[in-house]
Amino acid sequence: MPDRDNFTWTAMVSGYVRYDRPNEALDLCRMMSRCQNWQGNKFTVSSALAAAAAIPCLRIGKEIHGHITRTGLESDQVVWSSLSDMYGKCGSIEEARHIFDRMVDRDVVTWTTMIGRYFEDGRRDEGLHLFKDLIKSGTRPNEFTFAGVLNACSDVTAEQLGRQVHGYITRVGSTPSSFAASALVHMYSKCGSMVNAERVFKGMLQPDLVSWTSLIAGYAQNGKPNEALHYFELLLNSGKVYPDHITFVGVLSACAHAGLVDKGLQYFYSIKDKHGLTYTTDHYACIIDLLARCGRFEEAKRIISGMPIKPDKFLWASLLGGCRIHKNVELAEKAAEALFEIEPENPATYVTMANIYATAGKWAEVAKIRMIMDDRGVVKKPGKSWIEVKRKTHVFLVGDKSHPKSKQIHEFLGELSRRMKEEGFVPDTNSVLHDVEEEQKEQNLSYHSEKLAIAYGVISTAAGTPIKVFKNLRTCVDCHTAIKFISKIVDRKIVVRDSARFHCFENGSCSCRDYW
């Protein structure tokens, strides 16, 4: 072309960006800047910023920002949005927020993008705070805004905030088949509120695969495998939605938590034979988890040896967990050896092996594990539990005495301990990793973080109020047994979400039926 105007240059630059060729887009921008009498416009620089964000390269983005300032294009809202987006994608959240705060007119896309950047950077509190500012601003959030905020609520199990967002969605009249509805099903499932998850799901005109999968996985994690498999069969019979590999992870997990070995194997083989999907490492990890929990180690070893892909850390961790249940020390050592090679820095493997050795009375091996941890600088992740009471979150560590009501909590636990023993409770001291006197072991177990959180919940709420506690690690066998007794003594429904699943304790029993 003998003559190229701004429109022509911009069309080429944006074309390169659109087809994921950002370096060529920037090369064209450099050519453009060297042309005589060239004048860029807001669309040109926005495309250039998108190219810098796609690489991503903060240095180039700042150079373009300098050009924008020199040419007087900085006052345009399109350019402001592109600048904020570029800084956010290049990892400079503070700069992105600085640009955002200087914008006079912010549309819903700009708000949603900035909120999303906080969530992607792990700064959920700031993202949620900005969402509240959006509500106050009078700008109406869109489906993507709601979905992002609800997914953030799912990650931190912030059910109360999720409920508030749900209320807002209802008031503004969001469509029942939207991204937001799918995110609501996911949020309620992750927070263990399956009644609400199912209610939202049933209100959707055409549930998408994300909604089906969230509901199935939610029921599986909440100790309701029959409901999970029921909805999976409904999905298969719908003829409108087809399961993918993530759906099957939820199905196989439901079978694993219920001990449905034959049914689980049937679903596992159908992934490839009936549905034409390729096995993933997650599928293999789930089926090994299922077999190992039931003690069918020979079948598990046979499947592992026949895998066309290399076993990952989740598969070996599943096998190790089954070995812990069935006290298979020899196979546990092989699984741990593989895990030490894959992720030597993960304390969970060391702790699980130490528990297995402790249960077997091999205290010399326990000491050796501890020595290896010290030599490698591996530190056990501290157990932490939290509970929300009157919209305030209370966090507890093992043996915690920092809480304002610590004295009342410990006194209440002492009284509970006495009543539990009267009811026949015997502490399981096998999981205490010290070769000390039994009385000392019992004392160590008495103040695990989830027990402290539950005790605080009971003394701080009215009789009959359900208690919901979250924990960052797996709950130990002793705590699991103890909470069954506590639920009966205090006549409360107690829900504990550990790192693997929900446990719903009522009247002395757990929804997992002690199979976890």
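This is a predicted model: local features need pLDDT of at least 70, side-chain atom pairs count only at pLDDT 80 or more; totals for chains, interfaces and linings use all residues.

User: Why is I489 called buried?

Analyst: The term is kept for residues under 20% relative accessible area, and I489 has 16% relative accessibility, so I489 counts as buried. I489 lies in helix 26, which covers residues 477–490.

User: Which residues is I489 in contact with, leaving aside its neighbours within four places in sequence?

Analyst: They are L416, R419, M420 and E423, where contact asks for heavy atoms within 4.5 Å. As for V469, it is 20 residues from I489 in sequence, and the two C-alpha atoms are 18 Å apart in space.

User: What makes strand 3 and strand 4 a pair?

Analyst: Four bridges link strand 3 to strand 4 (residues 494–497) in the parallel sense, and since at least two are needed, they count as paired. I467 stands opposite I494 in strand 4.

User: Why are strand 2 and strand 6 said to stand at the edges?

Analyst: The sheet is open, with six strands in the order 2-1-3-4-5-6 and mixed pairing. Strand 2 (392–397) and strand 6 (509–510) each have a single partner strand, so one side of each is left without a neighbour in the sheet.

User: What lines the second largest pocket, and which residues are closest to its centre?

Analyst: The second largest pocket holds about 1300 Å³ of space. It is lined by 37 residues, of which T157, E159, Q160, E388 and K468 are the closest to its centre. By class, the lining has 15 nonpolar, eleven polar and eleven charged residues. Among the elements that each supply at least two lining residues are helix 10 (159–172), strand 1 (384–389) and strand 3 (467–471).

User: How do you know where the PPR repeats are?

Analyst: The positions come from an unreviewed UniProt entry, which lists residues 5–35, 76–106, 107–141 and 208–242; such annotations may be inferred rather than shown by experiment. In the model, residues 5–35 are 84% helix and 0% strand, with end C-alpha atoms 11 Å apart, while residues 76–106 are 74% helix and 0% strand, with their end C-alpha atoms 11 Å apart.

How values were computed. Residues are numbered from 1 along each chain as its sequence is written. Side-chain values use heavy atoms; hydrogens and water are left out. On a 1 Å grid over the protein atoms alone, a cavity is a set of points where a 1.4 Å probe fits but cannot get out, and a pocket is an open set with protein on both sides within 12 Å along at least five of seven lines; lining residues have an atom within 4 Å of a point. Grid points are joined across faces, edges and corners, and a volume is the space filled by probe spheres set on the points. Ala, Val, Leu, Ile, Met, Phe, Trp, Tyr, Cys and Pro count as nonpolar, Asp, Glu, Lys and Arg as charged, and the others, Gly among them, as polar. Buried means under 20% relative accessible area, exposed over 50%, partly exposed in between (1.4 Å probe, protein chains only).
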